[in-house]
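The sequence and structure come first.

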Amino acid sequence: MDRPVGIAFVGCGSVMSGPYTRLARQLRERGEVSLVAACDVVPDRAAFVRDELGIERFATDYREIITADDVDAVLVLTSMPEHGAIAKAALEAGKHVLVEKPMATTLAEARELLAVAERSPGHLVCAPHVVLSPTYQAIWRHLHRGDVGRIHLARARYGWAGPWWGQWFYRSGGGPLFDLGVYNLTTLTGLIGPARRVTAMAGTAIPERRVDGELIKVEVEDNFQITVDFGDACFGTVTTGFSMQSYRGPAVELYGGAGTIQMMGDDWAPEGYELWRNDIGAWQLHREQDPHWPWTDGLRHLVDCIRHDQQPVIRPEHAYHVLEIMIKAIESAREGRTLDIESTFTPPTFADDGDRADAHLLHDPTH
Ligand SMILES: NC(=O)c1ccc[n+]([C@@H]2O[C@H](COP(=O)([O-])OP(=O)(O)OC[C@H]3O[C@@H](n4cnc5c(N)ncnc54)[C@H](O)[C@@H]3O)[C@@H](O)[C@H]2O)c1
């Protein structure tokens, strides 16, 4: 494509008005996108998109903007229960789609989305975009060079005290697993491979919350411990909840037969990684290669793929697999049993980057 990619936003709340707006402005400054339309069910959001982004075309019904000729890509940034239907309608209109996580909140809806994506000319890029982070890719390269051997155990964690906006976060189709644990499961399955089984414990730790200034009843589980069986006696755990005030440990720990590797920070905002290799016998600390890497990077990637006619690295089958794990984790916790995972996917692979990772080595005890 030799003109800027025309973007339409659907859902102009917290995530759109902050992080996606920042990246969209940068892409527009580089001449890669034009921001042509926006939609939110709340009419007041028209003023924000006009004043901050110069977008004059605004609708309260997404169907009025997704078919427009000058819209090439639709960004679905609404509350989670709306994602599946809007993403499907945009793909059916022949558009490229970026959908925030999760891709849908039921497996039936997600299956339909995969089927439509298969026959649509548009790409479907599903958040979270963690596989694009330089730190994720550096860790992937270590694993695939065999630096820590075959992975036997893994742990990942992402949580916080929970949003004080958006009551939908605490209703059916919301909750911390779809909102936060989804990052950890995307990272673990991307690095280790597809899951075979899942078992979980979950509960509602904080049954009432003040959200949007109102005291509400929490209708979903807000606290999870999940165990994933990757086969060949490899097990991973994910700790997630709107129940965590703070933490300082690694986001992801991978224990292999010849070493350990752990991602610092969070997997959506990594702060480098630490590597133990038995053959070296000491920890190597790698500083963050790109401290400014934005977790919205899937937008840049989608625009690149449209402009250069390439397939996205982020695959919808991966998002579907993670959704199946999450939905079955919730079922497992409610029913008190372990459930099989039926879907599978091929994790993304990355070219060798030579010695680039070593250029970021902070502490190398071998020198
Ligand atoms: N807030 C974060 O830090 C964050 C980070 C990463 C991803 N996300 C994801 O981004 C999405 C949005 O989160 P948020 O925090 O911005 O929520 P939010 O509630 O602030 O914003 C959602 C917006 O979507 C609008 N909306 C709802 N249904 C709609 C429809 N049918 N058509 C058009 N607009 C509709 C709402 O009016 C609201 O303005 C969620 O999927 C969330 O998981 C949020």
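How do the residues of the shell around the ligand divide into nonpolar, polar and charged? The shell holds 14 nonpolar, 6 polar and 5 charged residues. Here Ala, Val, Leu, Ile, Met, Phe, Trp, Tyr, Cys and Pro count as nonpolar, Asp, Glu, Lys and Arg as charged, and the others, Gly among them, as polar.

## Basis of the model

The model is predicted: local features need pLDDT of at least 70 and side-chain atom pairs count only at pLDDT 80 or more, while totals for chains, interfaces and linings use all residues. Residues are numbered from 1 along each chain as its sequence is written, and side-chain values use heavy atoms, with hydrogens and water left out.

## The ligand shell

The ligand has 25 residues around it, of which Val 15, Asp 40, His 83, Lys 101 and Trp 168 come nearest. A residue is near if one of its heavy atoms lies within 4 Å of the molecule. Domain 1 (5-126) and domain 2 (132-296 + 322-340) each give at least three residues to the shell; the domain bounds come from an automatic or database domain assignment.

The ligand sits in the largest pocket. A pocket is an open set of points on a 1 Å grid over the protein atoms alone, where a 1.4 Å probe fits, with protein on both sides within 12 Å along at least five of seven lines; a molecule sits in it if more than half of its atoms lie within 2 Å of its grid points. Two or more shell residues come from each of α1 (14-29), α3 (83-92) and α6 (176-192). Helices (H or I, at least four residues) and strands (E, at least two) are DSSP runs, numbered from the N terminus.

## Polar contacts and cover

Polar contacts are pairs of N or O atoms within 3.5 Å. A ligand oxygen lies 2.6 Å from a side-chain N or O atom of Asp 40, and a ligand nitrogen is 3.4 Å from a polar backbone atom of Val 41. For Trp 165, a side-chain N or O atom is 3.0 Å from an oxygen of the ligand. On its own the ligand has 820 Å² of accessible area (Shrake-Rupley method, 1.4 Å probe), and the protein covers 84% of this.

## Backbone details

Lys 101 is joined to Pro 102 by a cis peptide bond with omega of about -10°. Pro 102 belongs to the loop between β5 (96-99) and α4 (107-119). Another cis bond runs from Ala 127 to Pro 128, with omega near 0°, and Pro 128 lies in the loop between β6 (124-126) and α5 (134-145).

Methods
Polar contact = N/O pair within 3.5 Å; in protein donor to acceptor, adjacent residues only side chain to side chain. 1 Å grid on protein atoms, 1.4 Å probe; cavity = no way out; pocket = protein on both sides within 12 Å on 5 of 7 lines; lining within 4 Å.
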